[in-house]
Amino acid sequence: MVSYQNTIKRPAPDFIIIGAGIVGLWTAYYAAKAGASVVLIDKGRLGSGASNGILGALMPHQPINWNDKKQYQFEGLTSLPDEITMLEANTGIECGYRRCGRIMPIAHAEKRRQSADWSTGATKNWSGDYVWQVKDDNPRTDWMSSVGEHGYNVEDLAARTNPRALVSALVASLVQFSNVELLEGTQVQQLGGDGTISLPGGQSLVAGKTIVTAGYGSFPLLEGLAAKKLGWGVKGQAALLRPLQSFDPASPIIYDNGTYVIAHDNGHIAIGSTSEREFSQPNSTDAQLDVLIERARQICPVLEGASVVERWADVRPRATGRDPMIGTLPGHPDAIVATGGFKITFAIAHLMARDALAASSGEAVQIPDSFRIEAHL
Ligand SMILES: Cc1cc2nc3c(=O)[nH]c(=O)nc-3n(C[C@H](O)[C@H](O)[C@H](O)COP(=O)(O)OP(=O)(O)OC[C@H]3O[C@@H](n4cnc5c(N)ncnc54)[C@H](O)[C@@H]3O)c2cc1C
């Protein structure tokens with residue numbers, strides 16, 4: 001286990017980063033690497049929120065009606081492997097990254113007609129050696145039941161990582177910097193317009209810039225300044241299974257009608273996810289997960305008799321407008337936000353971090369218009 005200290009050095013740091021999920025960890029990492037002094041604060045353990053997950057799907061958008069949002073996701077997917085390689089080299093922690101691709105059974109004739117467009121769209125819009133194919137027959141009968149009545153979409157851009165390993169590698173990297181303070185178990189109570197933050201016990205801190213990366217906990221912090229609800233949490237449940245028989249860990253992600261089945265290198269297969277706007281228990285699982293597990297067993301024969309080793313739930317940050325929210329709060333030049341990645345954050349968190357830091361230095365940030373704070377206000 002990585003060790004770190006619960007102390008804040010003086011003078012005031014260049015950055016206070018609130019929330020040590022995947023977005024806050026990448027932000028702290030890049031800021032520290034650039035030589036800035038950083039205090040990274042979390043109300044719980046570092047990386048213990050939604051980023052402490054088990055699925056780790058890194059999925060492209062459909063490659064038609066191409067726009068800057070799809071391009072951003074594409075750049076996230078294609079630049080992430082190098083960033084992970086660098087972290088692995090720094091820390092010796094393997095992050096379970098693999099460009100495994102994805103199979104999607106086609107259930108309807110109309111979907112089959114669209115599939116040809118997706119294949120053409122991939123050729124046109126995915127620069128590089130990525131391919132989207134439409135097949136009549138199940139290409140992986142060893143891994144997936146032949147449930148595609150109208151064929152199978154198969155693409156090789158999708159990837160997966162082990163979320164917990166990636167988070168651990170980032171924490172281990174941060175520990176190596178002498179210019180980073182890691183503060184756990186400290187809930188930020190309020191965000192001031194000048195970037196000042198209030199902590200429990202009446203303590204307050206100020207930094208050159210404050211960056212809010214608190215997942216769905218960002219929204220209540222921001223509402224005081226924005227005077228508007230900027231987003232909410234959407235709960236998800238997932239499970240990890242250990243099959244009785246061996247399986248190929250390089251098997252493609254199965255995505256069928258909202259169900260993901262993802263092979264991991266550690267002998268587990270992850271299954272996800274529910275999507276719940278209304279919930280009272282953020283971390284509990286229930287019968288909705290049982291339905292998902294049963295569905296996964298039907299589409300992935302390797303799961304027959306597999307034992308459930310973990311049931312897991314947490315809450316994704318969903319900004320208004322669904323897209324992530326990145327940039328400086330209007331009227332508050334020292335307060336920056338990067339959150340709201342919702343279901344795709346792991347593929348783009350490093351880009352969100354890069355762009356939040358660019359915004360903090362007053363640079364004109366090249367992000368999709370729908371990601372700008374103004375689009376959410
Ligand atoms: C079941 C499930 C499956 C998922 N599957 C995938 C997937 O396959 N691929 C993918 O890309 N994404 C997936 N996601 C979504 C992804 O996990 C999240 O979008 C992502 O982890 C959000 O990262 P974050 O850093 O914004 O937030 P978090 O990881 O939630 O981090 C925010 C941190 O801020 C801290 N915090 C909150 N408020 C405060 C405060 N006031 N003061 C101090 N600290 C605070 C929290 O303790 C937390 O550690 C899934 C989510 C769920 C629930």
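What distance separates the centres of domain 1 and domain 2, taken over C-alpha atoms? The separation is 30 Å. The legends below refer to a predicted model.

**View 1. The two domains and the contact between them.** Domain 1 consists of 15–52 + 164–229 + 321–376, and domain 2 of 98–158 + 232–319. With their C-alpha centres 30 Å apart, the domains meet through 18 residues of domain 1 and 8 residues of domain 2. On the side of domain 1 that touches domain 2, 6 residues are nonpolar, 9 are polar and 3 are charged.

**View 2. Packing of helix H1 against helix H7.** H1 covers residues 22–33 and H7 covers residues 345–360; their axes come within 8 Å and cross at roughly 45°. H1 is therefore oblique to H7. The crossing of the two helices is right-handed. H1 contributes Ile22, Val23, Trp26, Thr27, Tyr30 and Ala31 to the contact. From H7 come Thr345, Phe346, Ala349, His350, Met352, Ala353, Arg354, Ala356 and Leu357. By class, the residues of this contact are 11 nonpolar, 3 polar and 1 charged.

**View 3. Packing of helix H1 against helix H4.** H4 spans residues 163–175, and its axis lies 10 Å from that of H1, at an angle of about 30°. Because angles under 35 degrees count as roughly parallel, H1 is described as roughly parallel to H4. The crossing of H1 and H4 is left-handed. On H1 the contact is formed by Ile22, Leu25, Trp26, Ala28, Tyr29 and Ala32. On H4 the partners are Val167, Leu170, Val171, Ser173 and Leu174. The contact of H1 with H4 has 10 nonpolar residues, 1 polar residue and no charged residues. Ile22 and Trp26 of H1 take part here and also in the contact with H7.

**View 4. Packing of helix H2 against helix H7.** H2 runs over residues 68–91, and its axis comes within 8 Å of the H7 axis, crossing at roughly 85°. The two helices are therefore roughly perpendicular to each other. Tyr72, Gln73, Glu75, Gly76, Leu77, Leu80 and Glu83 of H2 meet Ala347, Ile348, His350 and Leu351 of H7. This contact comprises 6 nonpolar, 3 polar and 2 charged residues. His350 of H7 is in contact with H2 and is also listed in the contact with H1.

View 5. Leucine 77 is buried, because 23 other C-beta atoms lie within 10 Å and the threshold for a buried residue is 20 or more. Leaving aside residues up to four places away in sequence, leucine 77 touches Leu58, Pro60, Leu157, Ala159 and Ala347. Of these, Ala347 belongs to the H7 side of the contact with H2. Leucine 351, also on the H7 side, is 274 residues from leucine 77 along the chain, and the two C-alpha atoms are separated by 10.0 Å.

**View 6. Valine 39 in strand E2.** Strand E2 covers residues 38–41 and includes valine 39. Valine 39 counts as buried, with 24 C-beta neighbours inside 10 Å. Between valine 39 and glutamine 71 there are 32 residues in sequence and, C-alpha to C-alpha, 32 Å in space.

**View 7. The cis peptide bond between glycine 272 and serine 273.** Most peptide bonds are trans. The bond joining glycine 272 and serine 273 is cis, with omega about -25°. Serine 273 lies in the loop between strand E16 (269–272) and helix H6 (287–299).

**View 8. Positive phi at asparagine 257 and at arginine 322.** Most residues other than glycine have a negative phi. Asparagine 257 has a positive phi of about 50°. The loop that holds asparagine 257 lies between strand E14 (253–256) and strand E15 (259–263). Asparagine 257 counts as exposed, with 10 C-beta neighbours inside 10 Å. For arginine 322, phi is near 75°, likewise a positive value. Arginine 322 is in the loop between strand E17 (307–319) and strand E18 (325–329). With 13 C-beta neighbours inside 10 Å, arginine 322 counts as partly exposed.

Conventions: Residues numbered from 1 in each chain as written. Predicted model: local features only at pLDDT ≥ 70, side-chain atom pairs only at ≥ 80, totals over all residues. Axes fitted to C-alpha atoms, helices over the stretch in contact; angles between N-to-C directions. Helix = DSSP H or I, 4+ residues; strand = E, 2+ residues; numbered from the N terminus. Parallel < 35°, antiparallel > 145°, perpendicular 65-115°, else oblique. Left-handed = near helix turned anticlockwise from the far one by under 90°. Contact = placed C-beta atoms within 7 Å. Nonpolar A, V, L, I, M, F, W, Y, C, P; charged D, E, K, R; others polar. Domains from an automatic or database assignment. Buried ≥ 20, exposed ≤ 12 C-beta atoms within 10 Å, placed from the backbone.
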